[in-house]
Amino acid sequence: MPKRILQGTVTSDKNAQTVTVLVERRFTHPLFKKTIRESKKYRAHDANDQFKTGDTVRIQECSPVSKNKRWEVLAD
């Protein structure tokens, strides 16, 4: 099964080797046909601490790195 890849914005880089990424998705409401924006935060592993707040990054699913980290930042 392929790993999911999401794109989002780094909202926090205060932790060692970890960034918090805000991923926003848009979809049409099934009944009201209105476009809705929904966002979710993911904790991602950043081994080199190279990404800072405000950067746009892509994250990929990985095996658990810690209690809350199930994603890793893809180096572009």
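The side chains of R4 and E61 meet in a salt bridge, with N and O 3.2 Å apart; the term covers a side-chain nitrogen of Lys or Arg within 4 Å of a carboxyl oxygen of Asp or Glu. This pair ties together distant parts of the chain, since R4 sits in the segment before β1 and E61 in strand β4, 57 residues apart. R4 counts as partly exposed because its relative accessible area is 45%, and E61 is partly exposed too, at 26%. For these labels, buried means under 20% relative accessible area, exposed over 50%, and partly exposed in between, using a 1.4 Å probe and protein chains only.

A word on the model itself: it is predicted, so local features need pLDDT of at least 70 and side-chain atom pairs count only at pLDDT 80 or more, while totals for chains, interfaces and linings use all residues. Residues are numbered from 1 along each chain as its sequence is written, and side-chain values use heavy atoms, with hydrogens and water left out.

Back to the charges. A search of the whole structure turns up four salt bridges. Side chains of opposite charge can pair when their charged atoms come close. R26 is exposed, with a relative accessible area of 57%, whereas E24 is partly exposed at 40%. E24 and R26 also belong to a network of salt bridges together with R37. Another pair is E38 and R25, whose closest N and O atoms are 3.1 Å apart. Here, too, distant parts of the chain are linked: E38 is in strand β3 and R25 in strand β2, 13 residues apart. Both partners are partly exposed, E38 at 38% and R25 at 46%.

Next come the strands. Strands (E, at least two residues) and helices (H or I, at least four) are DSSP runs, numbered from the N terminus, and two strands pair if DSSP finds at least two bridges between them. Strand β1 (residues 5-12) runs antiparallel to β4 (residues 56-61), and five bridges join them. Within this pairing, L6 stands opposite I59. The hairpin of β1 and β2 has five residues between the strands, and Q17 takes a positive phi near 55 degrees.

β2 also pairs with β3 (residues 35-45), in the antiparallel sense and over 11 bridges. Six residues lie between β2 and β3 in their hairpin, where K33 in the turn has a positive phi of about 55 degrees. The pairing of β3 with β5 (residues 71-74) is parallel, over two bridges, with H45 partnered by E72 in β5.

H45 is also the bridge partner of T18, a residue of strand β2. Is T18 buried or exposed? T18 counts as buried because its relative accessibility is 6%. Its side chain makes a polar contact of 3.0 Å with that of K69. A polar contact is a pair of N or O atoms within 3.5 Å; within protein, one must be able to donate a hydrogen and the other to accept it, and residues adjacent in sequence count only if both atoms are side-chain atoms. Leaving aside residues up to four places away in sequence, T18 touches S12, D13, R43, A44, D46, D49 and K69, where contact means heavy atoms within 4.5 Å.
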